[in-house]
Amino acid sequence: MLVSPMLSHVRPSGLADYCASKFAAVGFDESLRFELQALGKTGIHTTVVCPFFINTGMFDGAKTK
């Protein structure tokens, strides 16, 4: 299971570098699923979890809609 913040999908201005690095986990999960499907593999599942803001101090002052 991969954990990638929602910022891998929603990209507010000023966080391009952070968001791009988090999208790597989402992109890896998607690529792996496509490869498994192309190889005809069954019974193998992937999961990527995308939590929202986590209270770590990094996002102090961040606002959502």
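Start with the side of helix α1 that is tucked away: Tyr 18, Cys 19, Ala 25, Val 26, Gly 27, Asp 29 and Leu 36 are its buried residues. Buried here means under 20% relative accessible area, exposed means over 50%, and partly exposed is in between, using a 1.4 Å probe and protein chains only. Bear in mind that this is a predicted model, where local features need pLDDT of at least 70 and side-chain atom pairs count only at pLDDT 80 or more, while totals for chains, interfaces and linings use all residues. Residues are numbered from 1 along each chain as its sequence is written, and side-chain values use heavy atoms, with hydrogens and water left out.

Now step back to the whole chain. It has one helix and two strands, and along the sequence they come in the order β-α-β. Helices (DSSP H or I, at least four residues) and strands (E, at least two) are DSSP runs, numbered from the N terminus. Of the 65 residues, 18% count as buried. The chain exposes about 5100 Å², with carbon and sulfur atoms supplying 59% of that; the areas come from the Shrake-Rupley method with a 1.4 Å probe, and for residues only the protein chains shown count as cover.

After the helix comes Gly 40, with a positive phi near 75 degrees.

Within α1 (residues 16-38), look at Arg 33 and Asp 29, which sit four residues apart, about one turn of the helix. Side chains of opposite charge can pair when their charged atoms come close. These two form a salt bridge, with the closest N and O atoms 3.2 Å apart. The rule asks for a side-chain nitrogen of Lys or Arg within 4 Å of a carboxyl oxygen of Asp or Glu, and by it the count comes to one salt bridge.

Thr 46 lies in the loop between α1 and β2 (48-49), and a polar contact of 2.7 Å joins the side chains of Thr 46 and Asp 29. A polar contact is a pair of N or O atoms within 3.5 Å; within protein, one must be able to donate a hydrogen and the other to accept it, and residues adjacent in sequence count only if both atoms are side-chain atoms. Leaving aside neighbours within four places in sequence, Thr 46 is in contact (heavy atoms within 4.5 Å) with Asp 29, Leu 32, Arg 33 and Leu 36. Thr 46 itself is partly exposed, at 23% relative accessibility.

Ile 44 is found in the loop between α1 and β2, and it is partly exposed at 47%.
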